[in-house]
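Welcome! Here is a short tour of a protein model, one topic at a time. Have the sequence and the 3D view at hand as you read.

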Amino acid sequence: MDGGASYNPRTVEEVFRDFKGRRAGMIKALTTDVEEFYQQCDPEKENLCLYGFPSEQWEVNLPAEEVPPELPEPALGINFARDGMQEKDWLSLVAVHSDAWLLSVAFYFGSRFGFDKADSMINDLPTIFEVVTGTAKKQVKEKSSVSNHSSNKTKSNSKRGSESQGKYSKAMQAKDEDDEGLDEEDEEDHGETLCGACGENYASDEFWICCDICEKWFHGKCVKITPARAEHIKQYKCPSCSNKRARP
């Protein structure tokens, strides 16, 4: 492992350059050099790690012997899972661990000074996982699509704002009518409205938002939605409905 232990970035730009070089090497191992990488990760060998170097090279090797190591160490034993998973899934797993290692090394170097600038530059790059799984290309297309329709989004924002205000006004009106004293039927419709998160009753001085999927009402503070943020939400899904949608 001669590819960077002695190299010690001392500025934000050098940390980012180090990050890019190591990242390029690991991407190479998991894409263009994947056959060689696969062969080197023999499950019969001891715990192996994938290292990326500032020179854009990669290496599969045993972990550092010194304790503590001079640099943070990558995931240990990546070779053991190779034959127990689909190759695509295994490579994706190694990619995720490689992303985590890259960040740990970058923050190790950057802990000596303000890291905001390097953090921003790192965030502009797709992760290794996104490159290996192909999701990085999809995101580029989505960003392009968003850019092309920015004017339409601006127009729709005002519509979404009025929709959000409509939801808020509806809840306010329901509470006001309840306070004035409606008949029992109206009280059942509005007066018994409870927050789907905390179970508390409606309060006139609090912002509420309605889920467009399950149609339950929530305190804005319970679902971390502010009136300003609600103006930019076209269709609000509560945490419960969002989790159900995310399951395969």
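Leaving aside residues up to four places away in sequence, L30 touches F37, L50, L91, V94, A95, S98, I128 and V132; a contact here means heavy atoms within 4.5 Å.

Before going further, please note that this is a predicted model, in which local features need pLDDT of at least 70 and side-chain atom pairs count only at pLDDT 80 or more, while totals for chains, interfaces and linings use all residues. Residues are numbered from 1 along each chain as its sequence is written, and side-chain values use heavy atoms, with hydrogens and water left out.

## Two nonpolar cores

A nonpolar core is a set of buried Ala, Val, Leu, Ile, Met, Phe, Trp, Tyr and Cys residues joined through side-chain atoms within 4.5 Å. Buried means under 20% relative accessible area, exposed over 50%, and partly exposed in between (1.4 Å probe, protein chains only). In soluble globular proteins, nonpolar side chains tend to be buried together.

The largest core has 30 residues, and the members touching the most others are L30, F37, L50, V60, V94 and I128. At least two of its residues come from each of α1 (12-30), α2 (34-40), β1 (49-52), β2 (58-61) and α3 (87-110); helices (H or I, at least four residues) and strands (E, at least two) are DSSP runs, numbered from the N terminus. With nine residues, α3 gives this core its largest share. Another core, of 16 residues, lies apart from it and includes F218, I225, I233 and C238.

How many salt bridges does the structure hold? There are three, a salt bridge being a side-chain nitrogen of Lys or Arg within 4 Å of a carboxyl oxygen of Asp or Glu. In one of them, D18 pairs with R22, with the closest N and O atoms 2.7 Å apart. Both residues are buried, and because D18 and R22 are four residues apart in helix α1, about one helical turn separates them.

R82 and D83 form a salt bridge with closest N and O atoms 2.9 Å apart. R82 is buried at 11% relative accessible area, whereas D83 is exposed at 52%. K221 and E206 also meet through their side chains (3.0 Å, N to O). K221 lies in the loop between β4 (217-219) and α9 (227-230) and E206 in the loop between α8 (184-191) and β3 (208-210), so this pair ties together parts 15 residues apart in sequence.

## Confidence

The protein has a mean pLDDT of 77, and 69% of its residues reach 70 or more; pLDDT is the predictor's confidence in each residue, from 0 to 100.
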